[in-house]
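This report is a guided reading of one protein model, written for someone who is new to looking at structures. Please keep the sequence and the 3D view open while you read.

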Amino acid sequence: MPWKAIGVPASELASQVERYLQELVRENASPHSIRAYEADLRQFLEYFSPPDLAPPEPRAIDVLMLREWLAGLYRDELSAVTIRRKLAAIRGLFRFLLREGVVTTNVARLVRTPKAPKTLPEVMTAEQANRLVDGVATDEMERPFPARDRAIFELLYGCGLRVSELAGLDLEDVDRGEGWLRVRGKGRKERQVPLPGKAAEALERYLEERPVARDERAVFLNHRSKRLTDRGIRGIVKFYATYVSGDPSVHPHSFRHAYATHLLADGADLRAIQELLGHARLSTTQKYTQVSLTDLMAVYDKAHPKA
């Protein structure tokens with residue numbers, strides 16, 4: 001990690017941040033999480049590294065200093081969600097320092113977490129989702145890998161995968177005979193996800209055309225026959241969403257929201273949806289109940305004579 005390149009002087013705090021990020025790599029944290037933590041901890045170091053001064057030692061950082069740092073984030077008009085993420089990164093760092101005996105208290109735990117506004121995700125209708133997925137199959141766009149792209153959309157909507165889970169799929173994770181996927185979710189937790197018919201057909205069609213790459217076990221490959229990254233998948237989704245539906249705001253997670261909401265609307269059990277999505281807490285899954293109730297109330301207001 002090139003801390004000197006960003007103007008942060010060598011210090012005990014910078015060294016411990018680097019050790020913590022290396023520990024995350026050893027713990028098999030997702031690359032996306034590591035990049036986010038690195039950015040947040042870099043900003044933290046820069047805040048405590050004024051010109052010509054070294055940052056304080058970790059054990060010298062107290063609650064008042066952290067509150068001052070948080071106040072700076074509010075002055076920068078960052079959202080509550082962003083501030084919560086940055087605070088989580090600092091708490092993770094101090095949890096590591098406490099475990100290593102560098103500090104005696106995780107002072108970051110003593111800082112109050114800002115409340116995030118409760119917002120409901122915007123969800124595509126089943127018609128919108130199917131129209132977009134079906135639009136990927138047309139030959140009008142003359143894309144280089146149409147079978148791969150169709151399989152990506154079918155798995156995003158048909159299996160409700162996170163983009164990192166889709167990018168992380170290996171060939172041995174696909175049980176083509178039984179119709180299951182082995183998915184590695186957050187925290188490297190594994191779960192089994194059923195592979196529905198249309199997704200299975202699209203995946204089979206792509207695998208028949210997939211380039212032979214002996215040293216690459218990834219299901220989805222880029223033009224260099226290397227693993228397709230999270231960023232690559234987002235770019236593919238944005239291209240088709242813009243071209244087919246005229247909505248560049250659609251992203252891979254939009255299909256995960258649609259997957260859960262449409263399952264719930266059709267009578268699926270909330271606990272089953274929790275298992276399919278790989279949510280650690282049922283409360284995370286319950287937000288889709290709120291979406292469905294919002295839709296139900298809209299129908300009531302429109303159709304009921306007493307509304």
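## A serine in helix 10

Ser-254 is a residue of helix 10, and in this model, which is predicted, Ser-254 has a relative accessibility of 9% and therefore counts as buried, since the cut-off for that word is under 20%. If neighbours within four places in sequence are left aside, the residues in contact with Ser-254 are Met-124 and Ser-249.

## The protein as a whole

The protein has 307 residues, of which 42% count as buried, and its secondary structure consists of 12 helices and 3 strands. When contacts between residues at least 6 apart in sequence are considered, 58% of them join residues that are at least 24 apart.

## The nonpolar cores

The largest nonpolar core contains 43 residues, and the members that touch the most other members are Leu-155, Phe-220 and Phe-255. Two or more residues of this core come from each of helix 5 (126–136), helix 6 (146–159), helix 7 (163–167), strand 2 (180–184), helix 8 (197–209), helix 9 (230–245) and helix 10 (252–265). Among these elements, helix 6 provides the largest share, with 8 residues.

Which residues does Leu-155 touch, not counting those up to four places away in sequence? They are Gly-160, Leu-161, Leu-166, Leu-169, Leu-181, Leu-195, Ala-199, Leu-203 and Phe-220.

## Two pairs of packed helices

Two packed helices are described by the angle between their axes together with the distance between those axes. For helix 3 (residues 63–75) and helix 4 (residues 80–99), the angle is about 155 degrees and the axes lie 11 Å apart. Because angles over 145 degrees count as roughly antiparallel, helix 3 and helix 4 are roughly antiparallel to each other, and their crossing is right-handed. On the side of helix 3 the contact is made by Leu-66, Trp-69, Leu-70, Leu-73 and Tyr-74, while helix 4 contributes Ile-83, Lys-86, Leu-87 and Ile-90. Sorted by class, the contact of helix 3 with helix 4 has 8 nonpolar residues, 1 charged residue and no polar ones.

Helix 6 and helix 9 form another pair, in which the axes come within 11 Å and cross at roughly 95 degrees. Angles from 65 to 115 degrees count as roughly perpendicular, and therefore helix 6 and helix 9 are described as roughly perpendicular to each other. Helix 6 takes part in this contact through Arg-148, Asp-149, Ile-152, Phe-153 and Leu-156, and helix 9 through Ile-233, Ile-236, Val-237 and Tyr-240. The residues of the contact of helix 6 with helix 9 divide into 7 nonpolar and 2 charged, with no polar residue.

## Positive phi angles in two loops

Glu-77 lies in the loop between helix 3 and helix 4, and although Glu-77 is not a glycine, its phi is positive, at about 60 degrees. Is Glu-77 buried or exposed? With a relative accessible area of 71%, Glu-77 is exposed.

Ser-225, which is found in the loop between helix 8 and helix 9, likewise has a positive phi of about 60 degrees without being a glycine. The relative accessible area of Ser-225 is 23%, so Ser-225 is partly exposed.

Key: Residues are numbered from 1 along each chain as its sequence is written. This is a predicted model: local features need pLDDT of at least 70, side-chain atom pairs count only at pLDDT 80 or more; totals for chains, interfaces and linings use all residues. Side-chain values use heavy atoms; hydrogens and water are left out. Axes are lines fitted to C-alpha atoms, for helices over the stretch in contact, and angles run from 0 to 180 degrees between N-to-C directions. Helices (H or I, at least four residues) and strands (E, at least two) are DSSP runs, numbered from the N terminus. Angles under 35 degrees count as roughly parallel, over 145 as roughly antiparallel, 65 to 115 as roughly perpendicular and the rest as oblique. A crossing is left-handed if the near helix is turned anticlockwise from the far one by less than a right angle, and right-handed if clockwise. Contact means heavy atoms within 4.5 Å. Ala, Val, Leu, Ile, Met, Phe, Trp, Tyr, Cys and Pro count as nonpolar, Asp, Glu, Lys and Arg as charged, and the others, Gly among them, as polar. A nonpolar core is a set of buried Ala, Val, Leu, Ile, Met, Phe, Trp, Tyr and Cys residues joined through side-chain atoms within 4.5 Å. Buried means under 20% relative accessible area, exposed over 50%, partly exposed in between (1.4 Å probe, protein chains only).
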